[in-house]
Amino acid sequence: MEFQSILSAATGGHGAVNPYAAIAYLVSGILFILALRGLSSPATAQSGNRFGMAGMTIAVVTTLVTHLPGATDSFGPDSYVWRFDSTAFIEILAAIGIGAVIGIAMARRIAMTAMPQLVAAFHSLVGLAAVAVAAAAYLNPQAFGIADAAGQIHVVSRVEMGLGIAIGAITFSGSVIAFLKLNGNMSGSPIMLPGRHIINLGTLAAIVALTAYFTQDQSPWVFWTITGLSFAIGFLLIIPIGGADMPVVVSMLNSYSGWAAAAMGFTLGNTAMIITGALVGSSGAILSYIMCRAMNRSFISVIAGGFGADAEAGSGGGAKEQRPWKPGSADDAAFLMSQAENVIIVPGYGMAVAQAQHALREMADQLKKEGVNVKYAIHPVAGRMPGHMNVLLAEANVPYDEVFELEDINGEFAQCDVAFVIGANDVTNPAAKTDKTSPIYGMPILDVANAKTVLFVKRSMGGVGYAGVDNDVFYMDQTMMLLGDAKKMADDIVKALSGSGH
Amino acid sequence: MDFIAIFSIFVLACFVGYFVVWSVTPALHTPLMSVTNAISSVIIVGALIASAAAGSATSKWLGLAAVVMASINIFGGFAVTSRMLAMYKKKER
């Protein structure tokens, strides 16, 4: 039967899978699930990470043992001798060693503020590795057990391979652009090509059509054209996306790197790769969803790009700038907070840019000494990637049980005496709730306006947030603006607190 | 294994992923990204097969290049995750 032959074609060389190897890959897949499960609490996270390392070790060792490099020599009709190729084996170990040295050096030296760039760089490597593996499988299909004796690659494998190389290439080139934008090598403002939607859709359609054609004709030009077009679409898709949307982009590319691994897992019939790919793919997709929801942006509008460009045009009518506001000094802030019972600190990325997290933690320590109850409120987009602000605070030795997510703490602003906003702006803007014309309308915000007193640390009154909108909180009666560099302001408050105290 | 069996594993793993990832605390979303990064480099399995295979020199070198890239990710990803997780501390009482 035709269907039967397609099914048996799909099994490829996997019909004769070594059962021990198959079980080992399954175990490593389960260890990867446990690795993510461990992240449900900071207390179990380290052991989860070790499960992940164990799973990876099992996968690598199993592959090395079942695919020892070597060649079979034939001496006459019935005598075959298998020769271990020690040079090839040493080359493989050397390759792993080179990767280990580079990887560990990068992991040790990277600043926590630069985590988004590092993650983008790592994504690009997964993507490129997927492309290299797919290309290697295309050039040497027998080694992967996906071709018949005549060198014809199985039809199902061709589809999987086409998908793998396309997703891998998009992940690579998209991550390179995301890296350059996050690292500041490339302007964060969106670059808009004329007719880009038509170019993008055309390129995507061409990739799909060529993948379909690839099942009929496995000539090199089809394969390499798919590869080239996929690299191009990765660049084209990310270039028009502005810096403010990068948290979504990084999560999305995280998802793609998973799907690329899953596609290669299908090609190789490897359960470890399929389970991992599905885990990583869903993880990235969920994180993208969370980030989109936190910014009240639809996924489609992020992908369509151009956020930031319209907002700049909108800020032209800034006639509201002239409203009165109340300035304050570090001494005033220190006095107000030391008299308070509850203080909620709202850190934003500006705080991290000013490297004020250590000074901020010192300030909180001083306040706690005076008997003040201090908590931190984190908006999901406070950093440059999901959970980034939590890492930055953890680095400054802020205990994680003092740090709360938006939905857990938002009700407490009404009872708190002082909301101390440092380096954040849009995420506190009540216009997101009241002003339907505002570009940030609908975005969930931290209700600092409900606090008895708001202390707002800001560089100057001129600048506005990413979205380019004015914030009514600046002009409220209970708001005191603390103008200046975030780190210097926090340092001055610490000095004032320690001076006034004892 | 036939395609349907593999596909079933994939679909079930997507569901497992969905529920496991929603149970991750938002405070650990950055370590989540770096650890998923490390484990998605399980693609090294394909790279090792390519580098160990005889038959095509280009394929072998592509495989070795992929081994280097995936290893950077594996070692770098796990190392940076454990570095971050070591920073998360509870209040001293």
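Two residues are in contact here when heavy atoms lie within 4.5 Å. This is a predicted model, in which local features need pLDDT of at least 70 and side-chain atom pairs count only at pLDDT 80 or more, while totals for chains, interfaces and linings use all residues. Residues are numbered from 1 along each chain as its sequence is written, chains are lettered from A and ligands numbered from 1 in the order in which they are written, and side-chain values use heavy atoms, leaving out hydrogens and water.

**View 1. Chain A meets chain B.** Let's start with the interface: chain A brings 106 residues to the contact and chain B brings 81 residues. Together the two chains bury about 8200 Å², with 79% of that on carbon and sulfur atoms. Buried area is the accessible area (1.4 Å probe) that two parts lose on being put together, summed over both.

**View 2. A salt bridge between the chains.** How many salt bridges are counted between chain A and chain B? The count is one, and it joins the side chains of B:Lys60 and A:Glu91, at 2.8 Å from N to O. A salt bridge is a side-chain nitrogen of Lys or Arg within 4 Å of a carboxyl oxygen of Asp or Glu.

**View 3. Helix H3 of chain A beside helix H4 of chain B.** H3(A) (residues 42-66) and H4(B) (residues 57-85) pack at about 170°, their axes 9 Å apart. The two helices are therefore roughly antiparallel (angles over 145 degrees count as roughly antiparallel, under 35 as roughly parallel, 65 to 115 as roughly perpendicular and the rest as oblique). Look for A:Met53 and A:Met56 among the H3(A) residues in this contact, and B:Ile74 and B:Phe78 among those of H4(B). By class, the contact has six nonpolar, five polar and no charged residues. Ala, Val, Leu, Ile, Met, Phe, Trp, Tyr, Cys and Pro count as nonpolar, Asp, Glu, Lys and Arg as charged, and the others, Gly among them, as polar. Helices (H or I, at least four residues) and strands (E, at least two) are DSSP runs, numbered from the N terminus. Axes are lines fitted to C-alpha atoms, for helices over the stretch in contact, and angles run from 0 to 180 degrees between N-to-C directions.

View 4. H6(A) (residues 155-182) packs against H9(A) (residues 246-268) at about 155°, with axes 8 Å apart, which makes the pair roughly antiparallel. Their contact residues divide into 16 nonpolar, seven polar and two charged. H5(A) (residues 115-139) and H9(A) cross at roughly 25°, their axes coming within 10 Å, and are therefore roughly parallel.

**View 5. A salt bridge within chain A.** A:Asp417 pairs with A:Lys452, the closest N and O atoms being 3.3 Å apart.
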